[in-house]
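Have the sequence and the model open side by side as you read.

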Amino acid sequence: ASAQENEPPNTPYLNLNSSPGYVTINNWTAGFGLGDTSVPFSKSFFGFTTIHGYQINKNFIIGGGTGVSFYNGGTLIPLFMDVRFRYFIKSFTPYLFGDGGFLFNVKGETKSFVNPGAGVIYAISNKVGIDFGTGLFVQQGSWRDSYINFKLGVFFKPRL
């Protein structure tokens with residue numbers, strides 16, 4: 001007879017890598033217009049963005065991004081800066097983000113935009129996480145449009 005209790009095996013706790021280095025964040029995005037949605041580019045959009053940046057320390061990431069967004073009035077190409085503040089780096093890592101830059105229309109009109117928000121990254125490994133965020137997306141051109149937007153994608157940090 002054994003006097004020891006059966007203990008479950010010790011499973012490692014997953015954390016995202018918090019050391020400085022290159023990161024990439026690839027997201028599917030969608031936004032739903034707030035207020036008057038009868039004018040072009042104001043009802044909704046969906047698209048894809050990619051951000052390539054640098055993790056400065058365990059809390060701060062800064063990067064640049066681009067992608068493509070399909071609106072109810074045409075296609076816009078974003079070119080922007082992304083700043084993120086992560087805290088409580090664990091299996092679920094919450095963060096605040098701020099995006100800002102320009103939207104280029106294939107027909108010539110350029111708009112500026114800001115997109116503050118919050119999100120969470122779920123660690124699949126110490127290099128890969130599932131990213132979900134939401135925020136307020138405001139664009140300014142010949143008129144101003146506001147959206148509630150959502151992002152879903154993959155956070156990747158290739159090196160430990």
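This is a predicted model: local features need pLDDT of at least 70, side-chain atom pairs count only at pLDDT 80 or more; totals for chains, interfaces and linings use all residues.

**Notes on the model**

1. Residues are numbered from 1 along each chain as its sequence is written, and side-chain values use heavy atoms, with hydrogens and water left out.

2. Now the overall fold. Eight strands close into a barrel in the order 1-2-3-4-5-6-7-8, with antiparallel pairing (strands are DSSP runs of E, at least two residues, numbered from the N terminus; two strands pair if DSSP finds at least two bridges between them). Strand 1 and strand 8 (residues 144-156) pair in the antiparallel sense over eleven bridges. Across from Leu34 you will find Ser146 in strand 8.

3. Back to the rings. There are 17 aromatic pairs (rings of Phe, Tyr and Trp, the last by its six-membered ring, pair if their centres lie within 6.5 Å; planes under 30 degrees apart count as stacked, over 60 as edge-to-face and the rest as tilted). Phe60 and Phe85 form a tilted pair, because their ring centres are 5.1 Å apart and their planes stand at 50°. This pair links distant parts of the chain, with Phe60 in strand 3 (residues 60-71) and Phe85 in strand 4 (residues 74-86), 25 residues apart.

4. Ring pairs also join Phe41, Phe45, Tyr71, Phe80, Phe113, Phe137 and Tyr147 into a cluster.

5. Is Lys111 buried or exposed? Lys111 is buried, with a relative accessible area of 3%. This lysine sits in strand 6 (residues 110-123). Beyond its neighbours within four places in sequence, Lys111 has contacts that include Phe41, Leu76, Trp143 and Asp145 (contact means heavy atoms within 4.5 Å).

6. Finally, look at Thr24, which is found in strand 1 (residues 21-34) and counts as buried at 7% relative accessibility. Not counting residues up to four places away in sequence, Thr24 touches Thr50, Ile51, His52, Val154, Phe155 and Phe156. A polar atom of the Thr24 side chain lies 3.1 Å from the backbone oxygen of Ile51.

Methods:
Helices (H or I, at least four residues) and strands (E, at least two) are DSSP runs, numbered from the N terminus. Buried means under 20% relative accessible area, exposed over 50%, partly exposed in between (1.4 Å probe, protein chains only). A polar contact is a pair of N or O atoms within 3.5 Å; within protein, one must be able to donate a hydrogen and the other to accept it, and residues adjacent in sequence count only if both atoms are side-chain atoms.
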